[in-house]
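Thanks for passing this one along. Please have a look at the entry below, and then at my notes.

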Amino acid sequence: MVGFVLVSHSQKVAEGVRELGLMMAPDVPVEATGGTDDGGLGTSYEKISAAIDRVYSEDGVLVMVDMGSSCMTTEMVIEDRGDPKIIMVDCPFVEGSVAAIVSSSCGSSLQEAKAVAEEAREEKKF
Amino acid sequence: MTDSSKVLDIVGHIGEAISENAQFLTDLDAAIGDNDHGVNMARGFKKVEEDLPGLKDKDMGAIFKKVGMDIVSAVGGSSGPLYGTAFMKAGAAVAGKMEIDLNDFLKIMDEAISGVQLRGKAEKGEKTMLDAMMPARDAMREAAEAGKGIKEVLDAGVKAAEDGVEYTKTIIATKGRASYLGERSIGHQDPGATSFMVMLKAVADKYEE
């Protein structure tokens, strides 16, 4: 099953999105990581890297990011790992994460989960 | 020629300058960003400072790479990956060297700028650190080509970086958190451009007339 790392500036935001995803797909490996090493708002290279390790499997890891340094720090972690099974996706953080987590519980591959997350951008709310 | 012990001395001084200006940089960021630039940068350079003794006698590539990695891991905001990538890319260009000359320094600036562009996907004129870095690099190259020595080259760079910081007051931010403010960002100088100016000044401080 594809695993997920949710990277936000805020640990609370990351945890909240994880909660929403697991509500529909409790069996999916999802790690929420937010904030700096000392608990402030921001992102941490080490925390993101460790979170990837915790959900890693042969099926791969999809990393979701919110804004600013979440995106850039994740990009650096992924570049340094150089593993094609660890990828990030550009999508709305909440909607994309929930949709992709649910798709993973239904057996989607890494690329399929990424596509589902990207499609969330097109979903009209009203 | 600048050897590695001098480079470590300069990096230490950059850290001091960042720490002295931390509140100022954070205040600038409070106006148009998320109120943490100076604090974040100071935390990054504190980690650098702790690691400096272990970099004695290392080559330039190793020094720049470690500084970049420390910045990435300790800063926590966007300036971490941006300045971190800048230092790491600069380090790759001078790997293996125990001394650097003016030409190497210009190469370091080129690589630092391309690192920031690669990571931030920004161009000149978007109210970012590039608006200080690029004019500074151009002015330093021009001064070097005119046969000036290192001190004059650095002073020309600092002057251009200061002008670049002033220029950021006149433009709208289109990158980063400040872009959410649109027109409201006009009149405020960019914190990232300012921190670059502070760093370049700190480098210039370490060279005699």
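Here are my points, starting with conventions and moving from chain A to chain B.

1. Conventions. Residues are numbered from 1 along each chain as its sequence is written, and chains are lettered from A and ligands numbered from 1 in the order in which they are written. This is a predicted model: local features need pLDDT of at least 70, side-chain atom pairs count only at pLDDT 80 or more, and totals for chains, interfaces and linings use all residues. Helices (H or I, at least four residues) and strands (E, at least two) are DSSP runs, numbered from the N terminus.

2. The sheet of chain A. Chain A has an open sheet of 4 strands in the order β2-β1-β3-β4, with parallel pairing; two strands pair if DSSP finds at least two bridges between them. At the edges stand β2 (30-34) and β4, each with a single partner strand, so one side of each has no neighbour in the sheet. On average, neighbouring strands are turned by 20° against each other, direction ignored.

3. Strand β3(A). In the parallel sense, β3 (residues 61-65) of chain A is joined by 5 bridges to β1 (residues 3-8) and by 4 bridges to β4 (residues 86-89). L62(A) is the bridge partner of F4(A) and also pairs with I87(A) in β4(A), while V61(A) has I86(A) as its bridge partner there.

4. Burial of β3(A). Why is β3(A) described as largely enclosed by the rest of the structure? Because 5 of its 5 residues are buried (20 or more other C-beta atoms within 10 Å of the residue's own; exposed means 12 or fewer, partly exposed in between, with C-beta atoms placed from the backbone). V61(A), V63(A) and V65(A) lie on one side and L62(A) and M64(A) on the other, so both faces are covered. In a regular strand the side chains alternate between the two faces of the sheet.

5. Helices over the sheet. Helix α1 (residues 11-24) of chain A lies across β1 and β2, running at about 165° to β2(A). Helix α5 (residues 110-119) of chain A lies across β3 and β4, at about 10° to β4(A). Angles run from 0 to 180 degrees between N-to-C directions, and axes are lines fitted to C-alpha atoms, for helices over the stretch in contact.

6. The interface. In all, 12 residues of chain B are in contact with 12 residues of chain A (C-beta atoms, placed from the backbone, within 7 Å). On the chain B side, α4 and α5 (79-93) each give two or more residues, and α5(B) has the largest share, 3 residues.

7. A helix pair in chain B. α7(B) and helix α8 (residues 150-168) of chain B pack at an angle of about 150°, with axes 7 Å apart. They are therefore roughly antiparallel (over 145 degrees; under 35 is roughly parallel, 65 to 115 roughly perpendicular and the rest oblique). Among the residues making the contact are A136(B) and M140(B) of α7(B) and A160(B) and Y167(B) of α8(B).

8. Two backbone angles to check. Most residues other than glycine have a negative phi. D57(B), in the loop between α3 (37-51) and α4 (60-75) of chain B, has a positive phi of about 70°. K127(B), in the loop between α6 (102-120) and α7 (130-145) of chain B, has a phi near 65°. Which of the two is buried and which exposed? D57(B) counts as exposed, with 12 C-beta neighbours inside 10 Å, whereas K127(B) is buried, with 28 other C-beta atoms within 10 Å.

Note on methods: Contact = placed C-beta atoms within 7 Å.
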